[in-house]
Amino acid sequence: VIAARKQWFLFKINLCTFVLTLGLNWVLIPPLSFVGASFATLGTQTLGAILYAFIVVRSFPQALPSSLRRIGIVSIVFAVVVILFKSLPVLVGVMLSILVYLLLIFLFRCVSWNDMKLVWIAAQKPEPAEGY
């Protein structure tokens, strides 16, 4: 999105979701407590993701339909897995969810092994330069 020079749209989306989150929290937290905050966050994050996807699809229409379809399938399968893991202890559920998510993005080829190698290389701590 940044490469397509759509930063201004990203700023607008972030600003709108921020203001909406504040407003929904202000309205929903008094009657619903932390559940209201969860609904506000989930709703605004979902709206932001939809708006981001809209901008990406408009910016790169030829390349994205198959990618978005794969990501959508991964998201649905992952949601089912998380629902199935809800009876497990939190730490076990989180660990299994992370492993399942990584497995899903590789199985549906959302991320390649080469991409992961590049991320791993970029995440390595750089050696300090000599003389410092």
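User: What makes up the secondary structure of the chain, and how many helices and strands are there?

Analyst: The chain has 5 helices and 0 strands, in the order α-α-α-α-α along the sequence. Helices (H or I, at least four residues) and strands (E, at least two) are DSSP runs, numbered from the N terminus. The model is predicted: local features need pLDDT of at least 70, side-chain atom pairs count only at pLDDT 80 or more, and totals for chains, interfaces and linings use all residues. Residues are numbered from 1 along each chain as its sequence is written, and side-chain values use heavy atoms, with hydrogens and water left out.

User: What is the mean pLDDT of the chain, and which elements have the lowest and the highest?

Analyst: The predictor's confidence in each residue, pLDDT, runs from 0 to 100. Its mean over the chain is 79, and 85% of the residues reach 70 or more. Among the elements, helix 3 (residues 64–84) has the lowest mean, 74, and helix 1 (residues 7–32) the highest, 91.

User: Why is Thr21 called buried?

Analyst: Buried means under 20% relative accessible area, exposed over 50%, and partly exposed in between (1.4 Å probe, protein chains only). Thr21 has a relative accessible area of 19%, so Thr21 counts as buried. Thr21 belongs to helix 1.

User: What makes the pair Thr21 and Thr44 a polar contact?

Analyst: A polar contact is a pair of N or O atoms within 3.5 Å; within protein, one must be able to donate a hydrogen and the other to accept it, and residues adjacent in sequence count only if both atoms are side-chain atoms. The side chains of Thr21 and Thr44 are joined at 2.8 Å, and the pair therefore meets the distance limit. Contact in general means heavy atoms within 4.5 Å; leaving out residues up to four places away in sequence, Thr21 touches Ala40 and Thr44.

User: Is Thr17 buried or exposed, and which residues is Thr17 in contact with?

Analyst: Thr17, also in helix 1, has a relative accessible area of 12% and is therefore buried. Beyond its neighbours within four places in sequence, Thr17 is in contact with Thr44 and Gly48.

User: How do you know that the length of helix 4 agrees with its number of residues?

Analyst: The expected span is 1.5 Å times one less than the number of residues. For the 18 residues of helix 4 (residues 90–107) this should be 26 Å, and the end C-alpha atoms are 25 Å apart, which agrees.

User: Why are the buried residues of helix 4 said to line one face?

Analyst: The buried residues of helix 4 are Gly93, Ser97, Leu104 and Ile105. Seen down the axis, they fall within an arc of 90°, so they line one face of the helix; the arc is that of the directions from the helix axis to the C-beta atoms. The face turned away from the buried side carries the exposed residues Leu91 and Leu99. Just after helix 4, Arg109 takes a positive phi of about 55°.
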